[in-house]
Amino acid sequence: MASSRTSAPPAALLAAALAAAPALAQEGGEPPTPLPAPDARAALERIAGPMRRLADAGRVLPAPVLEPGEHLLADEALEAFARAVDDRTFAREHASFRGGYLRRNFLDTEQKRGRFREPLASAFEPGEIRRFEELLSTPGALVLARGLLDNRPELARVLLHERVHREMDRLAPNESGLLRRAYDDLMNRPELPVDPKEHYGLISSVPFVRERRVPGRPGGFYEVAVAQNWSEFYPYLANGVFEPRVLDALRIDHPEAFRLYDVMRARSARGAGDGGRSE
Ligand SMILES: [Zn+2]
């Protein structure tokens, strides 16, 4: 959790500041006279303000730590890549391409490489474009848009998600089979009844694998994504987008698949912060 990153609780910081206050007064040449009560309260307020800000600053998420094979690239390079790669599956999986695990070389024809270079030619040096092309042609590379640095929680979320894809790609066939069977079971469970009154009479049941509703965000994107492509299920599960019953059912009804998933998630979370789970 983000709050655990704060090195000291605000109360301890405040106590330390108050303990230091007389010493500061002495350095200024003032005799350390005790303050009358109202001034003491004002002094406390004066110190508490900066201390609170200090404590808040401690809560800012650090940038996730990238591992070898993980690269931040210009946003334009990823956009050019997504447009150049004429692959239906890829286009469906990456409607807006901010990061991806490249399980194979998608820039595998001269035509695609040409389409990739063209929009970049006016904005980047030939050497830079070659470097982008090299990274984006490397099977197993994990690439992220540099613009994600402006949104650290999103960067952590994308990094965790793509790392789980990478972990899945490294599984033995029998392990993938375990995950696939658990997914099939969870996705094919009957819908759960809900009180229509709570849903404006529009629905009377919801899918078992249902995404958590977040105010201000239209729902359904993740449900569609995992229904279309089973390999999206575990990365999104790691992102915490589904209602808690989904993970509970995996843990209880598919313990072997759960253990596999949990190892993949833990490995992927290293240095990635909370991976957007508190979103
Ligand atoms: Zn994905």
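**Close-up views of a predicted model**

Among contacts in the protein between residues at least 6 apart in sequence, 71% join residues at least 24 apart; two residues are in contact if their C-beta atoms, placed from the backbone, lie within 7 Å. The model is predicted: local features need pLDDT of at least 70 and side-chain atom pairs pLDDT 80 or more, while totals for chains, interfaces and linings use all residues. Residues are numbered from 1 along each chain as its sequence is written.

**View 1. The largest nonpolar core.** This core has 47 residues, of which Ala77, Phe81, Tyr234, Leu237 and Tyr261 touch the most other members. A nonpolar core is a set of buried Ala, Val, Leu, Ile, Met, Phe, Trp, Tyr and Cys residues joined through C-beta atoms within 7 Å; buried means that 20 or more other C-beta atoms lie within 10 Å of the residue's own. Helix α7 gives the largest share, 7 residues. At least three residues come from each of domain 2 (70–150) and domain 3 (157–269), with bounds from an automatic or database domain assignment.

**View 2. Surroundings of Leu237.** Leaving aside residues up to four places away in sequence, Leu237 touches Phe242, Val246, Leu247 and Tyr261.

**View 3. Helices α3 and α5.** The axes of α3 and α5 (residues 110–117) come within 8 Å and cross at roughly 145 degrees; axes are lines fitted to C-alpha atoms over the stretch in contact, with angles from 0 to 180 degrees between N-to-C directions. Ala80, Phe81, Arg83 and Ala84 in α3 meet Lys112, Arg115 and Phe116 in α5. By class, this contact has 4 nonpolar, no polar and 3 charged residues.

Note on methods. Buried ≥ 20, exposed ≤ 12 C-beta atoms within 10 Å, placed from the backbone. Helix = DSSP H or I, 4+ residues; strand = E, 2+ residues; numbered from the N terminus. Nonpolar A, V, L, I, M, F, W, Y, C, P; charged D, E, K, R; others polar.
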